Amino acid sequence: MYTASKMMSKLTSTKEEEERGSNNNSRDDDMRIYLIILPLLLWRIIHAQIWTSYARFRTAKAKNRIVDKPIEFEQVDRESNWDDNIILLGVIFYLGCKWVPVVAKENSPMPFWRTDGVIMTILIHIGPVEFLYYWLHRALHHHFLYSRYHSHHHSYIATEPITSVIHPFGELVSYFVLFFIPILTVIFTGTASIVAIVGYITYVDFMNYLGHCNFELVPSSVFRFFPFLKYLFYTPSFHSLHHTRFRTNYSLFMPIYDHIYGTMDSSSDELYRTSLRRSNEQTDVVHLTHPTTLDSIYHLHPGLASFASKPYNPSTTTEWYLIFAWPLTYMWAFLFGYISSFVVERNNFDGRLNLQTWVVPKYTYQYKLTSQRKKINELLEKAILEAEKAGVKVISLGLLNQDEELNKNGEIYIAKHPNLKIRVVDGSSLTVALVVNNITNIIPEGAKQVTMRGKFTKVAYTIALLLCQRGYQVIVPSKDEFEKLKWKLKTMIMDTASLTPDISSNSILSTTITHAHNQVWLVGDGFSDQNQRDASAGTFFIPFSQIPPWIGNFKNMRKDCVYFNSPAMTVPPAVENIHSCEDWLPRRIMSTARVAGIVHALENWNSHECGSNSPITLEDVEKVLTASLRHGFCIPYLIDQDISQSMPSEHTK
């Protein structure tokens with residue numbers, strides 16, 4: 001009796017241990033599946049970003065581009081929710097993990113590879129998925145469903161990779177049902193594997209992005225050696241016809257169903273050949289810029305689309321998720337030491353000019369290092385010579401590419417290559433015009449006293465001369481700068497008959513400045529935090545430098561003063577394909593250097609506008625401003641938006 005009881009107790013204990021072990025194994029298998037989901041979602045995000053960056057980089061040039069229609073900010077905003085489908089997939093997978101192991105214990109634990117499951121996934125996609133998608137797609141183009149659902153996807157003709165996943169929720173669910181057929185099949189048949197599921201999702205994403213990338217990259221040799229692939233593998237040009245003609249090329253990824261049901265566009269082959277043959281277009285104007293902070297590379301046009309479509313503020317708008325991208329950020333900083341300038345953006349002016357923006361791979365802090373000057377000058381010189389060789393008419397030097405200590409506002413390149421056909425422009429005349437305009441037309445009446453702070457440049461001296469001429473008192477805190485300004489005023493009076501000697505009295509040397517309530521401060525590089533504290537409440541800070549001195553140090557900006565943005569202009573509708581902001585400037589606002597380059601080309605002026613020793617005449621200032629306005633550029637009222645929210649209403653009207 002005792003022995004039997006003991007044996008029963010032992011068997012019960014063994015059974016409980018087995019059940020506990022079984023439960024532990026089940027929990028381990030569940031945890032293993034959970035751990036797969038997050039990397040898959042992250043991979044989908046990275047995959048989408050790789051395609052977006054690559055497509056934007058490629059379409060900045062004309063080579064192999066398919067559709068020339070522009071992309072604007074409205075399209076970027078509409079497509080900013082491209083990651084909704086990734087979030088939805090994650091929710092479905094996490095919920096599915098609660099019941100999938102119960103109905104398909106054969107998948108526990110899920111192996112990395114199963115040949116039968118991979119083959120089954122391929123066959124089910126070729127058959128049911130492609131067939132059902134074709135007819136679903138045709139149904140979505142019926143006017144009833146098209147107007148309510150699919151028209152959202154067709155809102156714009158020029159597509160980007162992420163356009164492929166922009167759909168209303170109901171349509172997105174229908175696609176998920178289709179694409180889950182192979183996945184659920186291998187799960188319920190016990191043939192699922194990581195490769196089958198992750199590989200299939202990656203394949204669907206890859207083909208979707210391929211079809212919407214707007215440049216042809218499938219070589220003709222693929223179809224020449226394997227002709228049957230034209231029925232099983234579509235090309236970007238094939239699907240682009242569906243976005244331009246709407247009633248043809250309905251297939252998902254395999255054109256065979258369009259061949260079978262007679263919806264193949266007759267021009268598919270010709271567009272494919274034409275896109276492959278297309279070469280780079282003639283560029284008329286190149287603007288040279290550079291990244292500012294390390295994170296600003298994501299703000300460049302090929303970077304994060306939504307991020308680049310907003311003004312870049314290194315202090316307040318740097319996205320939290322960029323913290324996790326620091327390995328990539330520093331990788332780019334390393335690679336920038338070994339590459340030359342590259343194209344990041346293209347624009348068009350009314351079909352008359354082709355515009356490009358090139359990036360010099362150096363950051364702002366590197367421009368301030370004496371050890372980097374030689375390398376930076378080599379990069380700038382190389383970019384100018386490459387643009388010259390490509391037949392570019394005008395190249396404009398933006399940001400610190402025109403620093404006087406670096407290259408004397410581009411003068412060293414002109415001296416070294418006196419026979420350059422390309423015209424080098426620094427935008428200094430237009431900068432002067434806009435700064436003076438801000439003072440004379442925007443600042444309240446009675447503010448006739450202007451303080452100049454920061455590093456004096458040829459732009460600063462010219463602004464001071466113009467203000468003195470117009471009756472403003474210009475306060476200069478440095479004796480050396482005061483004497484230099486006096487000398488320039490005398491020279492200007494001698495050269496210009498319309499000026500009278502009394503304007504020189506408008507320049508004032510002061511070491512103890514009396515601050516008026518509405519005092520105007522013109523500031524350049526070197527404007528310090530102490531300078532800001534010296535100003536009285538209500539002071540207007542107007543930068544004359546390309547980079548506002550407070551960029552990157554917004555925490556020290558005063559809430560009781562008004563900060564203007566750097567000199568810039570609003571672009572006319574004639575400038576197309578603008579869907580990223582230029583640094584910290586608002587949407588469709590261009591810096592004076594960039595605008596001046598465009599106007600220089602439109603007016604076909606044959607002279608350079610650069611050099612520290614070349615004076616800016618009153619005629620130059622008036623001429624470039626008049627020409628800019630005539631071509632549709634407008635003068636905006638640029639107050640820093642973050643600061644203006646706390647300003648008195650009379651300052652922000």
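Sorted by class, the lining of the largest pocket holds 32 nonpolar, seven polar and three charged residues, where Ala, Val, Leu, Ile, Met, Phe, Trp, Tyr, Cys and Pro count as nonpolar, Asp, Glu, Lys and Arg as charged, and the others, Gly among them, as polar. Please keep in mind that this is a predicted model, in which local features need pLDDT of at least 70 and side-chain atom pairs count only at pLDDT 80 or more, while totals for chains, interfaces and linings use all residues. Residues are numbered from 1 along each chain as its sequence is written, and side-chain values use heavy atoms, with hydrogens and water left out.

A pocket here is an open set of points on a 1 Å grid over the protein atoms alone, where a 1.4 Å probe fits, with protein on both sides within 12 Å along at least five of seven lines, and lining residues have an atom within 4 Å of a point. The largest pocket has 42 lining residues, and those nearest its centre are I45, Q49, Y298, L304 and L328.

Let me turn to the strands. Strand 2, residues 342-349, has eight of its eight residues buried, and buried means under 20% relative accessible area with a 1.4 Å probe, protein chains only. Strand 2 pairs with strand 3, residues 353-359, in the antiparallel sense over seven bridges, and pairing requires that DSSP finds at least two bridges between the strands. Within that pairing, N348 has N354 of strand 3 as its bridge partner. The two strands form a hairpin with three residues between them, and D350 in the turn has a positive phi of about 55 degrees. On strand 13, which runs antiparallel to strand 2 and is joined to it by two bridges, V575 is the bridge partner of F349.

Most residues other than glycine have a negative phi. N409, although not a glycine, has a positive phi of about 55 degrees, and N409 sits in the loop between helix 16 and helix 17. N577 also has a positive phi, near 70 degrees, and lies in the loop between strand 13 and strand 14.

Terms used. Helices (H or I, at least four residues) and strands (E, at least two) are DSSP runs, numbered from the N terminus. Buried means under 20% relative accessible area, exposed over 50%, partly exposed in between (1.4 Å probe, protein chains only).
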